[in-house]
Every structure is written in C-alpha cells, then in structure tokens.
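Dear colleague,

Please find below the sequence and structure that I am handing over to you. My notes on what was found follow directly after.

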Amino acid sequence: MTTSLRPATPDDAARLAELAALTFPLACPPGSDPAAVAEHIRAQLSPEKFVAWAASPDHALLVAEGPEQVADLVGYALLVRGVPDDADIVAVVGDEPTVELSKIYVHPAAQGTGVAGDLLRAALDAAPALVPDKAVWLGTNGENARAQAFYRKHGFAFAGTRTYVVGGEAHDDVVMVRPLD
C-alpha cells in the first residue's frame, strides 16, 4: 500500500474524528461497555478536539493518507508535550515536560501494511521538536497484547501501569517508554 505522511490540518478534523470512531473501539478490551466507549469517542475524539490538536504548538498530529479505494486517511498519530499530572506517570517519566505518544491508530483495511510503523517512526522523528532530549512514553490497554508487541518491536519497554478512564469506565493500562537513541 502506498501511503504518504504529513502533518494534519484543521481541515482534516472531520475525517480524523470518523477514523477515530472506527479505530478506537478496536483497541478497547473485550467486555468494554459500548456506551462508555461511545461517550469517550464523543467527548475525547470529536472534530473540535482534532482541530485544536492540529493547531496547537503543544501537539504534533500526523496523518497517513492511503489510496482512495481503502480510505483517504488510513491512520493518525498524536504526540503531546506536557508535564504529567498522573502520579503513576510521574513515577515513570518524572515531573518535567515530556512527550506522550497519545494516539496512534490505523484503519482496519490498512493494518499489516506497514502504515503503523511508518506513522510511529514519523512521530518519533517529530518528538524532539516538542521536547528535545526526552524519552517518549505511552499508555496502552493492559489486555492489548498486539499493541504492546508492536511497541516493543519499535524500542518501547514496559515501565509501569496506570488507570485510564474511558467514558467513566476505568481500565488498566501499561505504560511503556522508548529511551533516547
């Protein structure tokens, strides 16, 4: 599959929200309350959120575009610059500005094609512009073995745990960190 990567623009927001609504539930553990997942998508993955992230100097929002017969946007990644406010995260990465790989999702039709790896490499290349000389961290559901294996393949290692709330429902996440090269 031929894809191209680029920074997202506010004009991508509606299509990104549609992609998020399709892909986010796939990363949730079996047994997740569908109403909680729908609420999370409504509140946290809206077009307005994507507009704000695309325009923010504290975020790097990247998109992967694919052939139109698959979907025009086949993936996205979001990096966030900030000081963690969760004690579990502070225990792992410290209380100074850092970069979180907050989101990386790929359209089901593009999974297994290398798009996710390309997006992750582009996100890691973009991270130093947000906070230089810092490791990148992420949280992923503790039951999502596929995601954890993907991140390990790309240099991330288990570093701790956290609770992540999806639409009012608490989930156990693992925290992974990719040290500086």
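In these notes, buried means under 20% relative accessible area, exposed means over 50%, and partly exposed lies in between (1.4 Å probe, protein chains only). Helices (H or I, at least four residues) and strands (E, at least two) are DSSP runs, numbered from the N terminus.

The model is a predicted one, in which local features need pLDDT of at least 70 and side-chain atom pairs count only at pLDDT 80 or more, while totals for chains, interfaces and linings use all residues. Residues are numbered from 1 along each chain as its sequence is written, and side-chain values use heavy atoms, with hydrogens and water left out.

Confidence

pLDDT is the predictor's confidence in each residue, from 0 to 100. The protein has a mean pLDDT of 90, with 96% of its residues at 70 or more. Helix H3 (residues 47-55) has the highest confidence, at 97, and helix H4 (residues 87-93) the lowest, at a mean of 83.

Helix H6 and its surroundings

Helix H6 covers residues 145-153, and Ala-147, Gln-148 and Tyr-151 are buried in it. Seen down the helix axis, the buried residues of H6 fall within an arc of 100° (taken from the directions from the axis to the C-beta atoms), so they line one face of the helix. Ala-145, Arg-146 and Lys-153, on the other side of H6, are exposed. As background, an α-helix has 3.6 residues a turn, so residues three or four places apart point the same way.

The buried residues of H6 pack against strand S4 (98-106), helix H5 (115-130), strand S5 (136-141) and strand S7 (169-178). Contact here means heavy atoms within 4.5 Å. Thr-140 is found in strand S5, and with a relative accessibility of 8% this residue counts as buried. Apart from its neighbours within four places in sequence, Thr-140 is in contact with Ala-147, Gln-148, Tyr-151, Asp-173, Val-174 and Met-176. Just after H6, Gly-155 takes a positive phi of about 95°.

Strand S4 and its partners

Eight of the nine residues of S4 are buried, and the strand is thus mostly covered. Two strands are said to pair if DSSP finds at least two bridges between them. Strand S3 (residues 73-82) pairs with S4 in the antiparallel sense, over eight bridges, and Leu-79 stands opposite Leu-101 in S4. S4 also pairs with S5, in the parallel sense and over two bridges; Val-99 has Val-136 in S5 as its bridge partner.

S4, H5 and S5 make a right-handed β-α-β unit. A crossover is right-handed if, with the strands pointing away from the viewer, the path from the first strand over the helix to the second runs clockwise.

In the loop between H4 and S4 lies Gly-94, which counts as partly exposed at 24% relative accessibility. The C-alpha atoms of Gly-94 and Pro-84 are separated by 7.8 Å, the two residues being ten apart along the chain. Beyond its neighbours within four places in sequence, Gly-94 is in contact with Pro-84 and Ile-89.

Salt bridges

A salt bridge is counted when a side-chain nitrogen of Lys or Arg is within 4 Å of a carboxyl oxygen of Asp or Glu. By this rule there are ten salt bridges. Three of them are described here. Arg-6 forms a salt bridge with Glu-65, with the closest N and O atoms 3.2 Å apart. This pair links distant parts of the chain, as Arg-6 is in strand S1 (residues 4-7) and Glu-65 in strand S2 (residues 59-65), 59 residues apart. Arg-6 counts as partly exposed at 22% relative accessibility, and Glu-65 counts as partly exposed at 25%.

The side chains of Arg-42 and Glu-39 meet in a salt bridge of 2.6 Å, N to O. Being three residues apart in helix H2 (residues 34-44), they are separated by about one helical turn. Arg-42 is exposed at 54% relative accessibility, whereas Glu-39 is partly exposed, with a relative accessible area of 32%.

Asp-58 forms a salt bridge with Arg-81, the closest N and O atoms lying 2.7 Å apart. Here too the pair links distant parts of the chain: Asp-58 is in the loop between H3 and S2 and Arg-81 in strand S3, 23 residues apart. Asp-58 is partly exposed, at 34% relative accessible area, and Arg-81 is partly exposed, at 26%. Elsewhere, salt bridges that share partners join Arg-6, Asp-12, Arg-15, Glu-65 and Asp-72 into one network.

With kind regards
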